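Take a look at the structure below. This report walks through its charged contacts first, then turns to its strands and surface.

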Amino acid sequence: MRQATRIHCDFLVIGSGLAGLLAALRLEPFGRVILITKKDLGDGATAYAQGGIAAVTHGDDSFDSHIQDTLVAGAGLCEEKAVRLVVTEGPSRVLELIDW
């Protein structure tokens, strides 16, 4: 039987999609980060989303519209507080990605 290898870190990030990579980058100043993924780094779910990011970036759009669309599409499975946070933080996160 093969013996398990122990690897020590301060933060373990599971997933190499955009969220996982962002978490790893933000945590790095605070300690050792290990990022694991099921295949290659480029195989995260973000790659399959075809780069689609929905965010309010124009005056003709609104947070309320995005929130309602998400809640309807989620068929009662979405936590409204989480949806509201993600939608209202969206524009700032898009600008952050552009800066990177």
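## Salt bridges and their surroundings

In this predicted model, a search of the whole structure turns up 4 salt bridges.

| Pair | Closest N to O distance |
|---|---|
| R26 and E96 | 2.4 Å |
| R93 and E89 | 2.5 Å |

Start with R26 and E96, which form a salt bridge. R26 sits in helix α1 and E96 in helix α4 (residues 80-99), so this pair ties together parts that are 70 residues apart in sequence. R26 is partly exposed, at 40% relative accessible area. E96 is buried, at 17%, because buried means under 20%.

The pair E80 and R84 lies within helix α4, 4 residues apart, or about one helical turn. R93 and E89 are also in helix α4, 4 residues apart. Salt bridges with shared partners link R26, E89, R93 and E96 into one network.

Now the strands. Strand β1 (residues 11-14) and strand β2 (residues 33-36) run parallel, joined by 4 bridges. I14 has I36 in β2 as its bridge partner. Together, β1, α1 and β2 make a right-handed β-α-β unit.

What lies in the loop between β1 and α1? S16 has its place there. S16 is buried, at 5% relative accessibility. Its side chain makes a polar contact of 3.1 Å with the side chain of T37.

Last, the surface. L18, L25, I53, L97 and W100 make a nonpolar patch of about 490 Å². L18 belongs to helix α1 (residues 18-27) and is partly exposed, at 34% relative accessible area.

Note on methods: Residues are numbered from 1 along each chain as its sequence is written. This is a predicted model: local features need pLDDT of at least 70, side-chain atom pairs count only at pLDDT 80 or more; totals for chains, interfaces and linings use all residues. Side-chain values use heavy atoms; hydrogens and water are left out. Patches are made of residues with over 30% relative accessible area and no salt bridge: like charges are joined within 9 Å, nonpolar side chains (Val, Leu, Ile, Met, Phe, Trp, Tyr) within 5 Å. Accessible areas come from the Shrake-Rupley method with a 1.4 Å probe; for residues, only the protein chains shown count as cover. A salt bridge is a side-chain nitrogen of Lys or Arg within 4 Å of a carboxyl oxygen of Asp or Glu. Helices (H or I, at least four residues) and strands (E, at least two) are DSSP runs, numbered from the N terminus. Buried means under 20% relative accessible area, exposed over 50%, partly exposed in between (1.4 Å probe, protein chains only). Two strands pair if DSSP finds at least two bridges between them. A crossover is right-handed if, with the strands pointing away from the viewer, the path from the first strand over the helix to the second runs clockwise. A polar contact is a pair of N or O atoms within 3.5 Å; within protein, one must be able to donate a hydrogen and the other to accept it, and residues adjacent in sequence count only if both atoms are side-chain atoms.
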